[in-house]
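Welcome! Have a look at the model below, and then let us walk through a few of its local details together.

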Amino acid sequence: MRAPLCPATVASVATFRLQGSKVLAVDMTGDAVKAKNGSMVAYDGQMAFKKLSGGGEGIRGMVTRRITGEQMTVMEVKGHGTCWFADRASEINLVNLQGDKLYVESSNLLCTDAGLRTGTSFTGLRGASQGNGLFTTTVEGHGQAAIMSDGPAVVLRVTSQYPLTVDPGAYIAHQGNVRQSFQSGVTFRTFMGEGGGEAFQIRFEGDGLVYVQPSERNTIAGDV
Amino acid sequence: MSAYGAPGPVIHDPMTLPSDDNVNAYTFCVELKGSQWFLQKGKMIAYYGSIDFNGIGHGRLDRLVRTSFHSPLHASDWVVAEGQGKMLLADRAFDVNSYDLEDGNLTIRSGNLLAFQPSLSLKQSIVPGFLTLIGTGKFVAASNGPVVFMEPPIRVDPQALVGWADCPSPCHHYDHEYMTGVMGGLRAMTGIGGTSGEEHQFEFVGAGTVLLQSTETLMADQATGAVPHEAGVPGGHGVSGHQGQHGPQAGVPRFPGQLGDLQRRFGL
C-alpha cells in the first residue's frame with residue numbers, strides 16, 4: 001500500500017457542498033477525494049483523475065470486493081479548484097463522519113473524502129432481502145461523504161427509546177452504533193395473497209442515523 | 001448525539017417528524033395513535049413505534065372493511081396499518097400530498113392513491129380506472145410533479161388528470177372543428193402533418209375542483225378490480241352490443257394521425 005503523499009497533518013480537507021440537490025461541488029486545495037468512476041461532470045482549476053483499481057483499498061480490499069460482489073470503480077480526484085460530481089440525476093445527500101462508520105451500498109456511494117477508509121462488511125439477511133447481496137460498503141474516519149438516493153433521502157435518528165423499522169427497499173445507508181435485526185412478517189396469509197405488503201423489515205436499535213429514500217427498489221419482498 | 005454535524009441534512013426523530021403532514025415533497029408522515037389507516041401495499045418506507053400491517057382479508061378487520069371499503073375486488077392491494085407511532089409513506093419518489101375531505105367526494109386515478117383514513121369510504125368509480133372516496137377524512141395521493149387545482153368549467157388533457165372533487169359531469173370532449181375542417185380532415189385521413197395530440201380532452205363543468213399533475217406521464221395504474229358483468233355497467237362487458245369494442249382499450253393499435261372510431265362517425 002502506498003503511503004499518502006501529504007503528511008499526517010491533513011490541514012486542507014476537501015469541502016463538500018451541494019449545488020442544487022443533484023450536483024455535488026467539491027472544493028479542493030491540493031487534497032484528494034475518491035469518487036465513483038465517471039461521475040465528474042465539470043471541473044475548474046487543475047485536477048488529476050486516477051482510476052483506483054478495486055476501490056483503492058489495496059490488493060486485499062480488491063480481492064474482498066471481487067469476492068463479495070461489492071465492486072466499485074472508484075477514481076481519485078486530486079488538485080486545486082472545484083470539481084462537480086453527479087450521477088444519473090440522483091439526489092445527493094451529504095454525510096458527516098466524525099470517527100463513526102457509515103454503511104452504504106457501493107452503488108449509492110458517490111464521493112468520499114480521501115482521508116476516509118472504505119471497506120466491506122457482512123450485512124446478513126438485510127442485504128439478501130434488498131436484493132443487494134450479502135455485503136455492504138463501509139466508510140469510516142473523519143470527513144465527509146456523499147451518498148445518492150432516488151428522491152431526497154430522509155434522515156431518521158435512532159435512539160434507545162426510539163427504535164426504527166425500515167422497509168429494505170427504501171433503506172440506503174446508516175451510520176453510528178446501531179444494531180440491525182431482520183423482521184419477517186411472513187405468515188400463512190402471505191401465501192394466500194393476503195399479506196401485509198411489508199413482509200420483510202429491518203429494525204434498527206441503538207444510537208445512530210438511518211437514511212431512507214422515498215422510493216422502493218424492487219425487492220423480493222415488495223410484492224409479498 | 002450532536003456528533004453528526006450541522007451542515008448535513010435535517011435529521012428527524014419521532015419528536016420532530018410532523019404529524020399527518022409532509023416531511024418533504026416526496027415523503028409523508030402519518031401519526032398513528034391506536035388508529036388505523038388504509039394504505040397501498042408496499043408504500044411504507046419506515047416507521048417508529050409499533051405498527052402492524054395486515055392484509056384486508058385479515059378476519060379481525062372484517063368490520064372495518066365492511067364500513068369503509070366498498071371496492072372488494074382489489075382488496076388484496078390494500079393493507080391496514082394500525083398501532084402506535086409515526087410512519088413514513090412514499091411512492092417511487094413521486095410527489096405526495098395529503099388532502100382533506102369534509103363530507104365530500106373525490107374521484108382519483110387508482111394508481112395515484114396511496115393511503116386514506118378509514119373515516120373515508122373507498123369505492124370504485126363508474127369511470128373505469130378511477131376510485132372514489134366519500135366522507136370526511138384525510139387521504140394521501142401521489143402525482144408525477146406537483147398537483148395543480150383548477151376550477152371548472154375546464155377541459156383537461158386525459159394524461160394530466162389526477163382526479164376531481166365534487167364535479168358532477170366529467171365527459172369526453174372532441175375538437176370537432178379541428179377534425180372536420182379541411183386541413184384537419186386531410187391530416188386525419190392521411191396522417192400527413194400528424195395530429196396535435198390535443199383533439200381529445202376531458203371536460204368538467206359545474207362547481208368543484210379538478211386536480212391536474214404537471215406532466216403528461218401517467219403513473220402506473222393499480223387494478224381497480226372488475227365490475228359486475230351486467231348490461232349497462234361501463235366496462236362490465238355485459239350483453240350490450242356496443243360494449244367492449246370502442247375506446248383505445250380495445251387493443252387495436254393506433255397510428256399517428258388516426259383518430260379512431262370517430263373518423264368513422266364523422267364519415268372521414
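B:Ala93 is buried, because its relative accessibility is 16% and buried means under 20% relative accessible area, exposed over 50%, and partly exposed in between (1.4 Å probe, protein chains only). This is a predicted model, in which local features need pLDDT of at least 70 and side-chain atom pairs count only at pLDDT 80 or more, while totals for chains, interfaces and linings use all residues; side-chain values use heavy atoms, leaving out hydrogens and water. Residues are numbered from 1 along each chain as its sequence is written, with chains lettered from A and ligands numbered from 1 in the order in which they are written.

- Most residues other than glycine have a negative phi, and most peptide bonds are trans.
- B:Ala93 has a positive phi, near 60 degrees, and is not a glycine.
- You can find B:Ala93 in the loop between strand 6 (78-89) and strand 7 (95-109) of chain B; strands (E, at least two residues) and helices (H or I, at least four) are DSSP runs, numbered from the N terminus.
- In chain A, the phi of A:Ala89 is also positive, at about 55 degrees, although this residue is not a glycine.
- A:Ala89 sits in the loop between strand 4 (74-85) and strand 5 (91-104) of chain A, and its relative accessibility of 53% makes it exposed.
- The peptide bond from B:Pro152 to B:Pro153 is cis, with omega near 0 degrees.
- B:Pro153 belongs to the loop between strand 11 (147-150) and strand 12 (154-156) of chain B.

**Aromatic pairs**

- A search of the whole structure finds 10 aromatic pairs over all chains; rings of Phe, Tyr and Trp (its six-membered ring) pair if their centres lie within 6.5 Å, and planes under 30 degrees apart count as stacked, over 60 as edge-to-face and the rest as tilted.
- One of them is the edge-to-face pair of A:Tyr162 and B:Tyr48, with 6.5 Å centre to centre and 80 degrees between the planes.
- This pair joins two chains, because A:Tyr162 lies in the loop between strand 9 (154-158) and strand 10 (164-166) of chain A and B:Tyr48 in strand 4 (residues 44-55) of chain B.
- A:Tyr162 is partly exposed at 26% relative accessible area, whereas B:Tyr48 is buried at 3% relative accessibility.
- B:Tyr47 and B:Phe53 form a tilted pair, 5.6 Å centre to centre with 55 degrees between the planes, and both residues are buried.
- B:Phe38, B:Trp78 and B:Phe116 are linked into a cluster by ring pairs.
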